[in-house]
Amino acid sequence: MKLPEGSSFSIRPAVMRDLDTLAAIDAVCFPTGIAYPREEILFLLLNPTIMIVVAECAGIIIGFAALERRRRTRKNARNGELVTIEVLPEFRGETIGTALYQTLEDHLRDWGGSSIHLHVSVDNTVAFSFYQRLGYRVVNRIPQYYLRKIDAWQMEKNLP
Ligand SMILES: CC(C)(COP(=O)(O)OP(=O)(O)OC[C@H]1O[C@@H](n2cnc3c(N)ncnc32)[C@H](O)[C@@H]1OP(=O)(O)O)[C@@H](O)C(=O)NCCC(=O)NCCS
């Protein structure tokens, strides 16, 4: 299924009543062991330093993304960690991931953030390409980051 002809999607901040839907999307988008338990998504929703945005089409959530704002006391730097970004498989390739990401990047820039970091599995070539296209570069390879066996790329983007 694709976005219905002539329809579009919109982005809005997540609210508490989205919890079950976000947990269901996460379980579809990530394998067991990597997907967040529902309690973890509840924690993300309750955490005031984390912004979550959802993409909706005709009132149905089809993807979401989360970013943590971080203040470094040294040099008083502000930056962000992209916690997750995920779009239901049938709606991928329609710029929804890019729109979710851009909303979070704009939010971080408005807050005064100067860079965003993230981790992505070395097996996840689609997400790796997605991040490269958004301007991310690899800064490190972290051994056994996922499930104590799969390495992760640590990636970074400096915000202009
Ligand atoms: C990564 C993800 C969020 C991208 O969402 P999306 O809505 O499909 O992304 P977009 O349509 O905005 O695509 C933007 C770019 O991503 C890359 N991309 C997207 N799908 C791709 C694919 N199947 N193969 C290769 N590159 C792809 C391309 O560079 C694409 O740009 P292009 O269309 O100009 O070629 C989505 O694939 C997803 O939910 N994956 C599963 C969850 C996940 O792995 N999240 C990242 C965790 S670290």
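A residue counts as buried under 20% relative accessible area, as exposed over 50%, and as partly exposed in between, with a 1.4 Å probe and protein chains only. This is a predicted model, in which local features need pLDDT of at least 70 and side-chain atom pairs count only at pLDDT 80 or more, while totals for chains, interfaces and linings use all residues. Residues are numbered from 1 along each chain as its sequence is written, and side-chain values use heavy atoms, with hydrogens and water left out.

**Stop 1: the ligand**

Which part of Gly-97 lies 2.8 Å from an oxygen atom of the ligand? It is a backbone N or O atom of Gly-97. For Thr-98, an N or O atom in the side chain is 2.5 Å from a ligand oxygen. Asn-124 places a polar side-chain atom 2.7 Å from an oxygen atom of the ligand. On its own the ligand has 940 Å² of accessible area, and the protein covers 72% of this. Such areas come from the Shrake-Rupley method with a 1.4 Å probe; for residues, only the protein chains shown count as cover.

**Stop 2: the pocket and its shell**

The ligand sits in the largest pocket. A pocket is an open set of points on a 1 Å grid over the protein atoms alone, with protein on both sides within 12 Å along at least five of seven lines. To sit in it, a molecule needs more than half of its atoms within 2 Å of its grid points.

Colour by secondary structure: helices (H or I, at least four residues) and strands (E, at least two) are DSSP runs, numbered from the N terminus.

Now colour the shell by residue type.

**Stop 3: the loop between S4 and H3**

Select Leu-88, in the loop between S4 and H3. Leu-88 is buried, at 13% relative accessibility. Its C-alpha is 9.1 Å from that of Ile-61, 27 residues apart in sequence.

Thr-95 is also in the loop between S4 and H3. Thr-95 is exposed, because its relative accessible area is 52%. Its phi is near 70°, a positive value in a residue other than glycine.

**Stop 4**

Move to Ile-142 in strand S6 (residues 137–146). Ile-142 is partly exposed at 21%. Ala-152 is ten residues away in sequence, with 5.2 Å between the two C-alpha atoms.

Arg-148 lies in the loop between S6 and strand S7 (150–158). Buried or exposed: which is Arg-148? Arg-148 is exposed, because its relative accessible area is 76%. Phi of Arg-148 is near 55°, a positive value in a non-glycine residue.

Finish with Asp-151 in strand S7. Asp-151 is buried, with a relative accessible area of 18%, and its side chain makes a polar contact of 2.9 Å with the side chain of Arg-141.

How values were computed. Polar contact = N/O pair within 3.5 Å; in protein donor to acceptor, adjacent residues only side chain to side chain. 1 Å grid on protein atoms, 1.4 Å probe; cavity = no way out; pocket = protein on both sides within 12 Å on 5 of 7 lines; lining within 4 Å.
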